Amino acid sequence: MTDQITLPTAPDFLWGASTAAHQIEGGNVNSDWWAKEHVAGTLCAESSGDAVDSYHRYPEDVRLLADAGLSAYRFSIEWARIEPAEGEISRAQLAHYRRMIDTCLAAGVTPVVTLLHFTLPRWFAERGGWFAPDAVDAFSRYVEIATDILGDVHHVVTINEPNITSMMLGASRRTNLDAAGLAAPDQAASEVQATAHRRAVEILHGLGHVRAGWTIANQVFQAAPGAEAARDGYAYPREDFFLEVARGDDFVGVQSYLRTVIGADGEPVPAGDDVERTLTGWEYYPQALGEALGYTHRITGGVPMIVTENGIATADDSRRIDYTRDALAGMARAMAGGCRVEGYLHWSLLDNYEWMSGFAPTFGLVAVDRTTFERTPKPSLAWLGKVARTGELP
């Protein structure tokens, strides 16, 4: 006899998938990441190039998602396209992203729009990015511009994973990566992003209909025996600080993939050689999602949560289904325990460009031919769509 877990269904729950503009659109030449990909000695495995050409093929991508039974699509709009030079606003690019929103709505898909998913306009980055003296003002102007196309968008993410950005900036400024590659965050970058986020939320609330929040990379920090204090000290600047900022928001995005065990010396303990690993080298640990939800609920004091990213890099789609099933079971347990979860958005809809790792790690529910850009749905897409339609998790 098989136990059955029941989950909420649409329209009361957002079931869908996520992407990010730079990772799927292609040709994002005015962004700082394009510059990083092409600089001499780049650490990026390859250029994003055409990515998967979703800039032109987004109607097909939305249709694939909707036809599978999913009802929400999280995607980002690109500041570097909308404001390619300081003060120069592209109305054509705003219209492009407005067409994406309209395509979602016409397909019965709820758009969840992210305003900033890691990439910055090159002009802004060259002026110091988040360390520029007018960083908050520059970002706020962009948010004001973006509101022109958000008239019927009800879920907006201000900044994606600011804690990862702070860690990357910490690494670039101090080159103090620890054993797991998680640099000590640059606290100045954390503070300015927090200020920018609060300003953005104020602007979005001024529209009267938008629910706003930001997303956090949840590392599920666990303590080795006797290392609880060391874990807490390690976790605070990397995660808790950002969750505390979210306490006044409409929701917080939970983005969970793995766990990180902290030893008594305050450093991550590498997973053993005997554990199953994903294509990114991460430990296969689907339990992370339920644990991340419980932790986020506790630190924020009960702010509503949307799982804005959760998935696995694997070439074996049956393991993707296994991972997602166990992750959703953990989500169900967290919800039964009092966590308010309003949606699950799988990472990712498409096999895409994964930053410094290039195209090798495949997270998608849909495979993409890199030459023809032909989309091929994987069994996991239909599987997740059925869960979304029925609310039944075997």
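The secondary structure of this chain comes to 13 helices and 14 strands. The model is predicted. Its radius of gyration is 20 Å, close to the 21 Å that the globule rule gives for 394 residues, so the chain is as compact as a globular protein of that length. Along the principal axes, the C-alpha atoms fill a box of roughly 60 × 50 × 45 Å.

**Packing and surface**

Of the 394 residues in the chain, 59% are buried. The chain exposes about 15000 Å². Carbon and sulfur atoms supply 52% of that area.

Now the charges. The chain has 32 positive and 52 negative charges. Their mean positions are 2 Å apart.

**Backbone features in the loops**

Two cis peptide bonds can be described here. One joins alanine 10 and proline 11, with omega about 5°. Proline 11 sits in the loop between strand 1 (5-6) and strand 2 (14-18). Another cis bond joins tryptophan 347 and serine 348, again with omega about 5°. Serine 348 belongs to the loop between strand 11 (341-347) and strand 12 (366-368).

Next come residues with positive phi. Glutamate 161 is not a glycine, yet its phi is positive, about 45°. It lies in the loop between strand 5 (155-160) and helix 8. Is glutamate 161 buried or exposed? Glutamate 161 is buried, with a relative accessible area of 8%.

Phenylalanine 373 is another residue other than glycine with a positive phi, near 65°. Its loop runs between strand 12 and strand 13 (375-377). Phenylalanine 373 counts as buried at 12% relative accessibility.

**Helix 3**

Where is the kink in helix 3 centred? Helix 3 covers residues 54-67, and the kink is centred on glutamate 60. The angle is about 35°. Several residues of helix 3 are buried: Ser54, Tyr55, Tyr58, Asp61, Val62, Leu64 and Leu65. The spacing of such a list can be read against helix geometry. An α-helix has 3.6 residues a turn, so residues three or four places apart point the same way. In helix 3, Tyr55, Tyr58, Asp61 and Leu65 are among the buried residues. After helix 3 comes glycine 69, with a positive phi near 105°.

Helix 7 (residues 135-146) contains isoleucine 145. At 15% relative accessibility, isoleucine 145 is under the 20% cut-off, so it counts as buried. Which residues does isoleucine 145 contact, leaving aside its neighbours within four places in sequence? They are Ile82, Ile89 and Leu94.

Helix 8 (residues 162-174) holds glycine 170. Glycine 170 is buried, with a relative accessible area of 0%. Its C-alpha atom is separated by 8.2 Å from that of glutamine 187. Along the chain, glycine 170 and glutamine 187 are 17 residues apart.

Helix 10 (residues 228-245) holds tyrosine 234. Tyrosine 234 counts as buried at 5% relative accessibility. Its C-alpha atom and that of glycine 266 are separated by 6.5 Å. Tyrosine 234 and glycine 266 are 32 residues apart along the chain.

The C-alpha pairs are listed together here.

| Residue pair | Separation along the chain | C-alpha distance |
|---|---|---|
| Glycine 170 and glutamine 187 | 17 residues | 8.2 Å |
| Tyrosine 234 and glycine 266 | 32 residues | 6.5 Å |

Technical notes. Residues are numbered from 1 along each chain as its sequence is written. This is a predicted model: local features need pLDDT of at least 70, side-chain atom pairs count only at pLDDT 80 or more; totals for chains, interfaces and linings use all residues. Side-chain values use heavy atoms; hydrogens and water are left out. Helices (H or I, at least four residues) and strands (E, at least two) are DSSP runs, numbered from the N terminus. The radius of gyration is taken over C-alpha atoms; the globule rule is 2.2 Å times the number of residues to the power 0.38. Buried means under 20% relative accessible area, exposed over 50%, partly exposed in between (1.4 Å probe, protein chains only). Accessible areas come from the Shrake-Rupley method with a 1.4 Å probe; for residues, only the protein chains shown count as cover. Lys and Arg count as positive and Asp and Glu as negative; His and the chain ends are not counted. The place of a charge is taken as NZ of Lys, CZ of Arg, CG of Asp or CD of Glu. The bend at a residue is the angle between axes fitted to the seven residues ending there and the seven starting there. Contact means heavy atoms within 4.5 Å.
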